[in-house]
Amino acid sequence: MLRSRFIRLAPLAVAVAVLAAACGSNDDNSSNGSSASGSATEIKVFAAASLTAAFGKIGQDFTAANPNTKVTFNFAGSQALATQIQQSAPADVFASADTTNMGKVSSLVNTPTNFSSNLLQIVVAKGNPKGIKTLSDLSHPDAKVVLAAPDVPAGKYAAQALSAQHVTVKPVSLEDNVKAVITKVSLGEADAGIVYVTDVTAGGDKVEGVDIPNSQNVVATYPIATVKASTHQSQAQSFMDMVTSDQGQQVLKSFGFLPPPSS
Amino acid sequence: MPALFVVPAVLAIGFLAIPLFGLLGQVSWGHLLGELGDPQVRVALRLSLECSLGAVAISLLIGVPLAYLLARVDFRGHSVVRALTTLPMVLPPVVGGVALLLAFGRRGLAGQWLDRAFGITLPFTTAGAILAEAFVAMPFLIITTEAGLRAMDRRFEDAAATLGAGRWTTFRRVTLPLIGPSLGAGAALCWARALGEFGATITFAGNLPGTTQTMPLAVYLALENDLQAAVALSLVLLVVSLALLIAMRDRWFPTA
């Protein structure tokens, strides 16, 4: 009767409660700092996956300096973000890991500025069990190598580096963004991958990096721009200014990024 | 029919039909034929068919015995096993992929044993893709077959037994033909689900054209650089799904 109905519904109630708690705690984290006086505006920053940690920090600094503005991030492969912007996704700022994807949306953004650069590194599991030392080691038949897909900036740069050294790699998987490459290596599924120097640092203690000599390396240029369709142009510009300011550049440097190429 | 239902029903029809027209409207038909000839599209299609049929085969091989167990045998933990078989249906596919990685990945629970004892690793292989698809699709076969087994008239099986037929003979010559429609419907649903599987495949098996890049993965990646290619691929999948629906039109709810 009533009691058996209650018992049957109880697991469902528990599930809903757990979900609500999870959602509730997320809201608390992201609304931190914007509960100040007046209505808070929110800007959406679409940024390349490799910028996750660095932009997260810059976002916190930005909200601390601008309590009325909340920043939410959409981190993904730059090619995915460019497509989303082309499909009118509500972005206010776009930071790409290469100029090609910024070029894809050139008619939809204001003038871009190069704000950072990055270098590639080979990522291997802690202890480097397969003893990979150079790019050409990656072509070894025993090595399971994961790369980012060719349309992902990291994948494109990796392909450039490999072809410049005439190394043919047969990857076991082509991931949709550079972070997924790290994940596969840290899970122990892949033996090695090619990612950015900054990703290896962010990857924690399950992975380590094998340097690629500068002469063989490819420099990734990161441009940033505000989106023309944004309804928060001034806040978007403020965020962009913070990224290019000394403060922002310091944060990027602390995460392993390099200064933008001097054009 | 209550008058109150008319508007919501029409809204529901619109909600389901508009995306379809959106897809059809976006196609440039000349481009479509070109896309279908594209080697990468053909590879993805062939791989999708291979993997989905493999998933159905696995599901038939181990799913039908389980359906039989659930339908005919009363044992302790029956409800737990029932919950286990329905779990992949409600589990978000990408979560299924993560679970498969932790179970059958190189360092996974069962995976590390497979690797050490037989040198078999499943991630990044076509077998891995088949496994991922089987994991999410098998419940459809089990549930439908079990329903068929419960609904059938068991007196035919009893009659066969009295005539001296062994258990396997009875199953083969009496039960199987009787549950044929349910089994067929279940296999068709299983196949459709396997064909469309994305989250578990990309997480567990990875994405490599020719090996693990099935059609849904190809669509996802094509979206990011060539919308027309994605649309063409989507249409192929849509046509396949429609064909399946038409073939199954009388058998959609076998217990009804």
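Chain A contains nine helices and nine strands; helices (H or I, at least four residues) and strands (E, at least two) are DSSP runs, numbered from the N terminus. This is a predicted model, in which local features need pLDDT of at least 70 and side-chain atom pairs count only at pLDDT 80 or more, while totals for chains, interfaces and linings use all residues. Residues are numbered from 1 along each chain as its sequence is written, and chains are lettered from A and ligands numbered from 1 in the order in which they are written.

Of the 263 residues in chain A, 46% are buried. A residue is buried if 20 or more other C-beta atoms lie within 10 Å of its own, exposed if 12 or fewer, and partly exposed in between, with C-beta atoms placed from the backbone. Two residues are in contact if their C-beta atoms, placed from the backbone, lie within 7 Å. Among chain A contacts between residues at least 6 apart in sequence, 78% join residues at least 24 apart.

## Domains of chain A

Chain A is divided into domain 1 (34-117 + 221-254) and domain 2 (118-219), with bounds that come from an automatic or database domain assignment. The C-alpha centres of the two domains of chain A are 27 Å apart. Their contact takes 16 residues from domain 1 and 15 residues from domain 2.

On the domain 1 side, the elements giving two or more residues are helix 2, helix 3 (78-86), strand 4 and strand 9 (219-226) of chain A. That side has six nonpolar, nine polar and one charged residue. Here Ala, Val, Leu, Ile, Met, Phe, Trp, Tyr, Cys and Pro count as nonpolar, Asp, Glu, Lys and Arg as charged, and the others, Gly among them, as polar.

## Helix 9 of chain A

Helix 9 (residues 246-254) of chain A has the buried residues A:G248, A:V251 and A:L252. Seen down the helix axis, these fall within an arc of 100°, so they line one face of the helix; the arc is that of the directions from the helix axis to the C-beta atoms. Their cover includes helix 2 (52-65), strand 4 (113-125) and helix 8 (233-244) of chain A.

The face turned away from the buried side carries the exposed residues A:D246, A:Q250 and A:S254. After helix 9 of chain A comes A:G256, with a positive phi near 105°.

## Chain B

The contact between the chains takes 14 residues from chain B and 14 residues from chain A. The chain B side comprises six nonpolar, five polar and three charged residues.

B:F140 lies in helix 7 (residues 126-151) of chain B. B:F140 counts as buried because it has 24 C-beta neighbours inside 10 Å. Beyond its neighbours within four places in sequence, B:F140 is in contact with B:G186, B:L189, B:C190 and B:R193.
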